[in-house]
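Please open the model in a viewer and keep the selection panel at hand. The stops below are to be taken in order.

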Amino acid sequence: MKIFTSNQIHELDKYTIEHEPISSLDLMERAAKVLTHAMMGVWSVSTPVVVFAGPGNNGGDALAVARMLAEQGYRVSAYLFNISGHLSPDCATNKKRLKECKRIHEFIEVTQEFDPPVLEKDMLVIDGLFGSGINKPLAGGFASLVKYVNASPSQVASIDVPSGLMTEDNTYNVRANTIRATRTFTLQQPKLSFLFAENQYFIGQLHVLDIRLSQEGINKIDAQYTITEEDDIRERLLKRSPFAHKGLMGNALLIAGSFCMAGAAILATKACLRAGAGKVTINSPKRNIPILQTAVPEAVVQMGSEETIFAEAVETEDFQALGIGPGLGQSEQTAIALISQLRRTQCPIVADADALNILGNHRAWMQQLPKGIILTPHPKELDRMEGHSADSYERLTKARNLAERIKGYVIVKGRYTAICMSDGHILFNPTGNAGMATAGSGDVLTGIITGLLARGYKQQDACIVGVYLHGLAGDLAANDLGEESLTASDIIQYLPKAFKQLSE
């Protein structure tokens, strides 16, 4: 699913109007019918409704919804804010239609002073002040109205976008001047800002409503952002030959686990095996060897040169993929061995955890990373590499720039894990849940992607499939076990079910 910018949303609306063809007013009416139906599915006819409409097309949507709810028997009071004395043409038409509606309880056009209605707990406020076209923080009377609504006990339904929230970059926005919705009813597709953690506070429960915008237009517009769908994964899955043997299924090398961090190595190794690699070798310090041989008997254990740390790069010519970093430690000896390993390795590489922290402490080394490398940072690890970010949008921009700069892949882990490609495109992953916020989850992801690379997946496909599988396994585990008690080992245990679901 493509995610469009505010300019592209306007472009898609225009394309639909020109090519369906349909008038902009009729398209607004169609959207309002879908919005009304969705709201009626949540709030009963006994709920008093207060509608706040702005002077643009978002306000036109709100006025049309007010009319339709009134016609269905809801007690609706509507307020149209026309401070500048200028309404969009479709908003003006819907104002006229609403005034002609005999079942509307109250309609007030605000041009100067505004005496706000009392907002009670049992009421629904419909926010139609400003939509996706806003490009600066709300101020003045509109900011005061937003604060008044947010301070009320009423439930709030925002049309398309909570008023005050911008569709992409909110770095310099004023959070206090943004509507805090109970539910957001967005049109056609989610907006980019909806995928950022700090904005969930404003969005509430999200409803994505299909208003039948032109599919041809959607296909033609080149979106920089995409949400991965299950069909995207199915078409990328490699099928195993009936005559396969382990030599054809790939040999993966994992360099992980300093002394007392053998668990990270175990999790990554088990996940790598579950991802389908024919053979997995784990390189770890000498003191970890008995633990690894006991915990993962299927793996080949390669003893490091030192007792407690990774201190010397190893040959990789016999391997199809390398995963490095989980539990590795950050000693200076390990750091030197890491950059040496990265520079000499010829097969695809996944770098995670301490490998990223070392790079963050030696930023000049970033220029030496091999082309096509896959970095899998969580937000704090990315901040260490690229500097602190004020919000998710700034962090995503830095991750995209990093991927382009190193000609590799940067996977920023989170609720909607972002896969940043070297060509500037970003794919968001929809699978996964809050139960996966647990130690070792990232080590499992490293193992999965490394296993897929060894299995024969190209870097881009390994990133996309690996992240989706990781989240899907977590969802299946949470469905059976609940989120609260989920562990990284559970994700590994449910990987077979994830593969099976995708292959059926």
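Begin by selecting Asp 352, which counts as buried at 2% relative accessibility (buried means under 20% relative accessible area, exposed over 50%, partly exposed in between, with a 1.4 Å probe and protein chains only). This is a predicted model, in which local features need pLDDT of at least 70 and side-chain atom pairs count only at pLDDT 80 or more, while totals for chains, interfaces and linings use all residues. Residues are numbered from 1 along each chain as its sequence is written, and side-chain values use heavy atoms, with hydrogens and water left out.

Asp 352 is placed in the loop between β14 (349–351) and α12 (354–361); helices (H or I, at least four residues) and strands (E, at least two) are DSSP runs, numbered from the N terminus. Display its side chain together with those of Lys 413 and Thr 446. The side chain of Asp 352 makes a polar contact of 3.2 Å with that of Lys 413 and one of 2.8 Å with that of Thr 446. A polar contact is a pair of N or O atoms within 3.5 Å; within protein, one must be able to donate a hydrogen and the other to accept it, and residues adjacent in sequence count only if both atoms are side-chain atoms. Beyond its neighbours within four places in sequence, Asp 352 is in contact (heavy atoms within 4.5 Å) with residues including Pro 326, Glu 381 and Asp 443.

Next, select helix α9 (residues 262–274) and helix α15 (residues 441–455), whose axes come within 7 Å and cross at roughly 35°. Axes are lines fitted to C-alpha atoms, for helices over the stretch in contact, and angles run from 0 to 180 degrees between N-to-C directions. Among the residues that meet are Ala 264, Leu 267 and Ala 271 in α9, and Val 444, Gly 447 and Ile 448 in α15.

Then move to Tyr 225 in strand β9 (residues 225–227). Is Tyr 225 buried or exposed? Tyr 225 is buried, with a relative accessible area of 5%. A polar contact of 3.4 Å joins its side chain to that of Arg 400. Leaving out residues up to four places away in sequence, Tyr 225 also touches others, among them Met 1, Leu 192 and Phe 428.
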